[in-house]
Amino acid sequence: MIINLKSPNEFAGFYVVFDGSVNLETEGTRGISHLIEHLICKTFQDLRDDFQKNAIDWNATTSMNTVSFYFTGLESSLSKFRNKLMSRLNNFDVTKKDFELERKKVLE
């Protein structure tokens, strides 16, 4: 599910919500939704300085039923990143090494 928000004052935002999360985890996979949230966030780590320069706020959450990502800022700034972010959110690939490194961080 993708939710696009745009207001008359040029402030905009969009949310990407993946249905299914902790509610689908079983014994032996507890925490995998939160780990996946972290791994997906790493796919746009290279853009974080650009987000800051363009006053784009972002975050991600893992709830009982969803994993969600949101991005907000001025439409003129946010629009420059929307397609790139959507591509990365929907087509992320992770190496075994990155998976294990992030797994250790989440477990701490």
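Q: How much of the protein counts as buried?
A: Happy to start there. Of the 108 residues of this predicted model, 34% count as buried. The cut-off to keep in mind is a relative accessible area under 20% for buried and over 50% for exposed, with partly exposed in between.

Q: What share of the contacts between residues at least 6 apart in sequence join residues at least 24 apart?
A: That share is 66%.

Q: How do I read a strand such as β4, and which strands does β4 pair with?
A: Now the case here. Strand β4 spans residues 66–74 and pairs with β2 (residues 11–19) in the antiparallel sense, over 9 bridges. β4 also pairs with β3 (residues 57–62), again in the antiparallel sense, over 6 bridges. β3 and β4 form a hairpin, with 3 residues between them.

Q: Is β4 mostly covered or mostly open?
A: Mostly covered: 7 of the 9 residues of β4 are buried.

Q: How can I tell which face of a helix is buried, say in α4, and which residues are they?
A: An α-helix has 3.6 residues a turn, so residues three or four places apart point the same way. In α4 (residues 82–90), the buried residues are Arg82, Leu85, Met86 and Leu89. Seen down the axis of α4, these fall within an arc of 100°, so they line one face of the helix. Asparagine 90 also belongs to α4, but with a relative accessible area of 45% asparagine 90 is partly exposed. From asparagine 90 to threonine 62 is 28 residues in sequence and 16 Å in space, C-alpha to C-alpha.

Q: What do the buried residues of α1 pack against?
A: In α1 (residues 32–42), the buried set is Ser33, Leu35, Glu37, Leu39, Ile40 and Cys41. The buried residues of α1 pack against α2 (48–53), β3, β4, α4 and α5 (96–107).

Q: How do α1 and α5 cross?
A: Their axes come within 10 Å and cross at roughly 120°. The two helices are therefore oblique to each other, and the crossing is right-handed. On the α1 side, the meeting residues include Leu35 and Leu39, and on the α5 side they include Phe99 and Val106.

Q: What does serine 77 touch, leaving out residues up to four places away in sequence?
A: Serine 77 sits in helix α3 (residues 75–78) and, at 11% relative accessibility, counts as buried. Serine 77 touches Asn54 and Ile56.

Q: Where is alanine 55, and what is its phi?
A: Here is the background: most residues other than glycine have a negative phi. Alanine 55 has a phi near 55°, a positive value in a residue other than glycine. Alanine 55 lies in the loop between α2 and β3 and counts as exposed, at 60% relative accessibility.

Definitions and conventions: Residues are numbered from 1 along each chain as its sequence is written. This is a predicted model: local features need pLDDT of at least 70, side-chain atom pairs count only at pLDDT 80 or more; totals for chains, interfaces and linings use all residues. Side-chain values use heavy atoms; hydrogens and water are left out. Buried means under 20% relative accessible area, exposed over 50%, partly exposed in between (1.4 Å probe, protein chains only). Helices (H or I, at least four residues) and strands (E, at least two) are DSSP runs, numbered from the N terminus. Two strands pair if DSSP finds at least two bridges between them. The arc is that of the directions from the helix axis to the C-beta atoms. Contact means heavy atoms within 4.5 Å. Axes are lines fitted to C-alpha atoms, for helices over the stretch in contact, and angles run from 0 to 180 degrees between N-to-C directions. Angles under 35 degrees count as roughly parallel, over 145 as roughly antiparallel, 65 to 115 as roughly perpendicular and the rest as oblique. A crossing is left-handed if the near helix is turned anticlockwise from the far one by less than a right angle, and right-handed if clockwise.
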